[in-house]
Amino acid sequence: RYLNLRDELTIREDLTALPGSGLPAGSRILVSDRFRTDNDFHGAAVGTYYERRAGGLFVGLRTSVALGVSHQETTIAGSTALGPNVFPGGLLAQQSNIGTSTNDEFAVVPEVGVRLGGFITERFQAFVGYDWLYWSNVARAGDQIDLRVNPNQLAPAQVPL
């Protein structure tokens, strides 16, 4: 069984400096924070299928579970533009957490499916169904955000890290 989930969250700020802010009044400040995750699941699945027919109608139930590895890749990027100058790091994506990291976790993927339908002809059927799937151990972009902001890391950096 193979699954892929990509998740991305981008936060952009377009600010204008006020008098007394330490920048020339009216200066434009563009801040960008980007958090991205890419998850790939590879595993083996086993399952069952049951179908019950009554006349021209049927109901089917399918269950399966897959066990395997969830490969997670997280990328955090940010930048701050002050006029023509662009500095690494935004507000939440700071120099201390910018970069790419990977992780492999054991994961379980159970799935249940239900179908209700009828035979229109001997070889043609129409049905409606619903599938439910759960994937343990996925990295989500919003979970990568650290809300603790170090003001010493805001661009342009005033103090070495």
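In which strand does serine 70 lie? I located serine 70 in strand β3, which covers residues 57-82. I note at the outset that this is a predicted model.

**Entry on serine 70**

I looked up the accessibility of serine 70 and found a relative accessible area of 0%. Serine 70 is therefore buried, as the cut-off for that class is under 20%.

I then followed the side chain of serine 70, which reaches the backbone oxygen of asparagine 137 at 2.9 Å. Setting aside residues within four places in sequence, I listed the contacts of serine 70 as Asn39, Asp40, Phe41, Asn103, Asp104, Glu105, Ala107, Trp135 and Asn137.

I also checked the separation of serine 70 from arginine 115, 45 residues apart along the chain. Their C-alpha atoms are separated by 29 Å.

**Entry on aspartate 40**

I found aspartate 40 in strand β2, residues 28-54.

Which side chain of opposite charge is nearest to aspartate 40? I identified arginine 6, at 6.1 Å. Aspartate 40 is buried and has no salt bridge.

I next examined the polar contacts of the aspartate 40 side chain. One, of 2.6 Å, is with the side chain of tyrosine 2. Another joins aspartate 40 to the side chain of asparagine 4, at 2.7 Å.

Finally, I recorded the residues that aspartate 40 touches, leaving out those up to four places away in sequence. They are Tyr2, Leu3, Asn4, Val69, Ser70, His71 and Trp135.

Notes
Residues numbered from 1 in each chain as written. Predicted model: local features only at pLDDT ≥ 70, side-chain atom pairs only at ≥ 80, totals over all residues. Heavy atoms only, no water. Helix = DSSP H or I, 4+ residues; strand = E, 2+ residues; numbered from the N terminus. Buried < 20%, exposed > 50% of the residue type's maximum accessible area, 1.4 Å probe, protein only. Lys, Arg positive; Asp, Glu negative; His and termini not counted. Salt bridge = Lys/Arg side-chain N within 4 Å of Asp/Glu carboxyl O. Polar contact = N/O pair within 3.5 Å; in protein donor to acceptor, adjacent residues only side chain to side chain. Contact = heavy atoms within 4.5 Å.
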